[in-house]
Amino acid sequence: QVQVVESGGGLVQPGGSLRLSCEASGSISRFVAMGWYRQTPGKQRELVARITSGGITVYDDSVKGRFTISLNNAKNTAYLQMNSLKPEDTAVYYCSADLWDDNRRFRNYWGQGTQVTVSS
């Protein structure tokens with residue numbers, strides 16, 4: 001079994017910064033990729049950023065140049081550094097982990113989400 005836990009959300013003023021963390025633990029053999037997604041009421045969950053175990057990154061156009069995703073393979077932890085935050089970044093942010101577990105099965109796991117609110 002694998003657990004994925006996000007942390008670091010909160011309330012921040014426009015132009016401010018937050019750093020989200022996502023730690024995966026449990027029966028993990030090898031990571032394939034980790035990603036951050038966000039969702040607002042009435043809308044579909046959307047990709048914010050994704051990083052492979054080899055360091056290849058993908059960003060949504062709306063966050064390019066402001067957000068940075070990184071991965072510490074040794075700690076099974078992904079980070080999302082969010083700078084120059086805007087009110088439209090307000091959402092619940094979810095972490096997703098793609099990995100091979102100890103039984104050699106490819107699995108996708110999601111965290112419970114963390115709220116990010118950008119408001120003055």
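# Strands, salt bridges and core

Q: How many bridges join E9 and strand E10 (residues 106–110)?
A: In this predicted model, E9 and E10 run antiparallel to each other. Strands (E, at least two residues) and helices (H or I, at least four) are DSSP runs numbered from the N terminus, and two strands pair if DSSP finds at least two bridges between them. For E9 and E10 the number of bridges is five.

Q: What pLDDT is needed before side-chain atom pairs count?
A: Residues are numbered from 1 along each chain as its sequence is written, and side-chain values rest on heavy atoms, with hydrogens and water left out. Because the model is predicted, totals for chains, interfaces and linings use all residues, whereas local features need pLDDT of at least 70 and side-chain atom pairs count only at pLDDT 80 or more.

Q: Asp 98 forms a salt bridge with which residue?
A: A salt bridge requires a side-chain nitrogen of Lys or Arg within 4 Å of a carboxyl oxygen of Asp or Glu. Here the closest N and O atoms are 3.0 Å apart, and the partner of Asp 98 is Arg 50. The pair links distant parts of the chain, 48 residues apart, with Asp 98 in strand E9 and, in strand E5 (residues 46–52), Arg 50.

Q: What is the accessibility class of Arg 50?
A: Buried means under 20% relative accessible area, exposed over 50%, and partly exposed in between, using a 1.4 Å probe and protein chains only. By these limits Asp 98, at 13%, is buried, whereas Arg 50, at 28%, is partly exposed.

Q: What relative accessibility does Arg 38 have?
A: Asp 89 counts as buried, with a relative accessibility of 1%. Arg 38 also counts as buried, and its relative accessibility is 7%.

Q: Which residues do salt bridges that share partners join into one network?
A: Asp 101 and Arg 105 form a salt bridge at 3.0 Å, N to O, in which Asp 101 is buried at 4% and Arg 105 is partly exposed at 38%. The network joined through shared partners consists of Arg 38, Glu 46, Arg 66 and Asp 89.

Q: How many of the six residues of E8 are buried?
A: E8 pairs antiparallel with E3 over six bridges, Arg 19 standing opposite Gln 81 in E8. Six bridges also join E8 to E7, again antiparallel. With heavy atoms within 4.5 Å taken as contact, Leu 80, leaving aside neighbours within four places in sequence, touches Trp 36, Phe 67 and Tyr 93, among others. E8 is largely enclosed by the rest of the structure because its buried residues number five.

Q: How are the rings of Trp 100 and Phe 106 arranged?
A: Rings of Phe, Tyr and Trp (its six-membered ring) pair if their centres lie within 6.5 Å, and planes under 30 degrees apart count as stacked, over 60 as edge-to-face and the rest as tilted. The structure holds two aromatic pairs. In the pair of Trp 100 and Phe 106 the centres are 5.5 Å apart and the planes stand at 70°, so the arrangement is edge-to-face.

Q: The charged end of Arg 45 sits over the ring of which residue?
A: A charge sits over a ring if NZ of Lys or CZ of Arg is within 6 Å of the ring centre and within 35 degrees of the ring normal. The charged end of Arg 19 sits over the ring of Tyr 79, 4.0 Å from its centre. For Arg 45 the distance to the ring centre is 3.6 Å, and the ring belongs to Tyr 94.
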